[in-house]
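Please open the structure in your viewer and keep the sequence panel beside it. The tour below moves from one selection to the next and states what is to be found at each stop.

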Amino acid sequence: PVISTEAALNIVSRNYALLGAAFALVDPKLVNAAYSPIAELTTPNGTFTGQAAILKEYQSFGMDGSVKQFTRQSAGLKIVDSTVADSGAYTVVRKREGADSAIVRGAYASVWRIHPPPMEWVMTKDHLYPAAKKRGK
């Protein structure tokens, strides 16, 4: 591989932290920096291709200042040439007026492409899978 697993994990962790900060800071530039111009984001709402569509989807579910934290924890990383596939769990903490924070958890699977500067690393595919709702007895 072109990079060690440890180095790749450090870089994707940093990039996920920047993407999470985009929600707390309501900063679209941080979102666009994480994704390639032709990236594909899949959420329960559908599949969104390109930075503008991805940004619009993120704005629809919390890039309005209500999300206080959006974190990802890698559970597995695979490097093939200049591509890094990562998967794990995500947590979204949303502040609600006059109520406790709402916490949403789920799983993710993303593919990063290592580009030469200035683009560096960008996601080409990002899939968010919310945790299954628990059924009452």
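Begin by selecting Asp81, which lies in the loop between β3 and β4. Helices and strands are named here as DSSP runs numbered from the N terminus, a helix being H or I over at least four residues and a strand being E over at least two. The model is predicted, so local features need pLDDT of at least 70 and side-chain atom pairs count only at pLDDT 80 or more, while totals for chains, interfaces and linings use all residues. Residues are numbered from 1 along each chain as its sequence is written, and side-chain values use heavy atoms, with hydrogens and water left out.

The phi of Asp81 is near 55 degrees, a positive value in a residue other than glycine. Asp81 has 59% relative accessibility and therefore counts as exposed. The classes are buried for under 20% relative accessible area, exposed for over 50%, and partly exposed in between, with a 1.4 Å probe and protein chains only.

β3 and β4 form a hairpin with two residues between them. Their pairing is antiparallel and runs over twelve bridges; two strands pair if DSSP finds at least two bridges between them. Within this pair, Ile79 stands opposite Val84 in β4.

Next, display every strand. Six strands form an open sheet with mixed pairing, in the order β2-β1-β6-β5-β4-β3. β2 (46-49) and β3 (67-80) stand at the edges with a single partner strand each, so one side of each is left without a neighbour in the sheet. From one strand to the next, the twist averages 15 degrees.

Inside the sheet, select β1 (residues 35-43) and β6 (residues 121-130), which pair in the parallel sense over four bridges. Thr42 stands opposite His127 in β6. Select Ser36 as well, a residue of strand β1. Ser36 is buried, with a relative accessible area of 5%. Leaving aside neighbours within four places in sequence, Ser36 is in contact with Gln51, Val122, Met123 and Thr124, contact meaning heavy atoms within 4.5 Å.

Turn now to the helices. Helix α1 (residues 5-25) lies across β1, β3, β4 (83-94), β5 (102-114) and β6, and runs at about 155 degrees to β3. Axes are lines fitted to C-alpha atoms, for helices over the stretch in contact, and angles run from 0 to 180 degrees between N-to-C directions. Helix α3 (residues 51-60) also packs on the sheet, where it touches β1, β2, β3 and β6, and its direction makes about 40 degrees with that of β1.

Keep α3 on display and colour its residues by burial. Which residues of α3 are buried? They are Ile54, Leu55, Glu57 and Tyr58. Seen down the axis of α3, these buried residues fall within an arc of 160 degrees, so they line one face of the helix; the arc is that of the directions from the helix axis to the C-beta atoms. The buried residues of α3 pack against α1, α2 (28-34), β1, β2, β3 and β6. On the other side of α3, Ala52, Lys56 and Ser60 are exposed.

Follow the chain onward from this helix. α3 is followed by Gly62, whose phi is positive, near 145 degrees. Select Ser66 next, in the loop between α3 and β3. Ser66 is buried, with a relative accessible area of 17%. Not counting residues up to four places away in sequence, Ser66 touches Val93, Arg94 and Lys95.

Val26 has a positive phi of about 50 degrees although it is not a glycine. With 38% relative accessibility, Val26 counts as partly exposed.

Finally, show the whole chain. It holds three helices and six strands, and from the N terminus on the elements run α-α-β-β-α-β-β-β-β. The radius of gyration of the chain is 15 Å, close to the 14 Å that the globule rule gives for 137 residues, so the chain is as compact as a globular protein of that length. That radius is taken over C-alpha atoms, and the rule is 2.2 Å times the number of residues to the power 0.38. Along its principal axes the C-alpha trace spans about 50 × 35 × 25 Å. Of the 137 residues, 35% count as buried.
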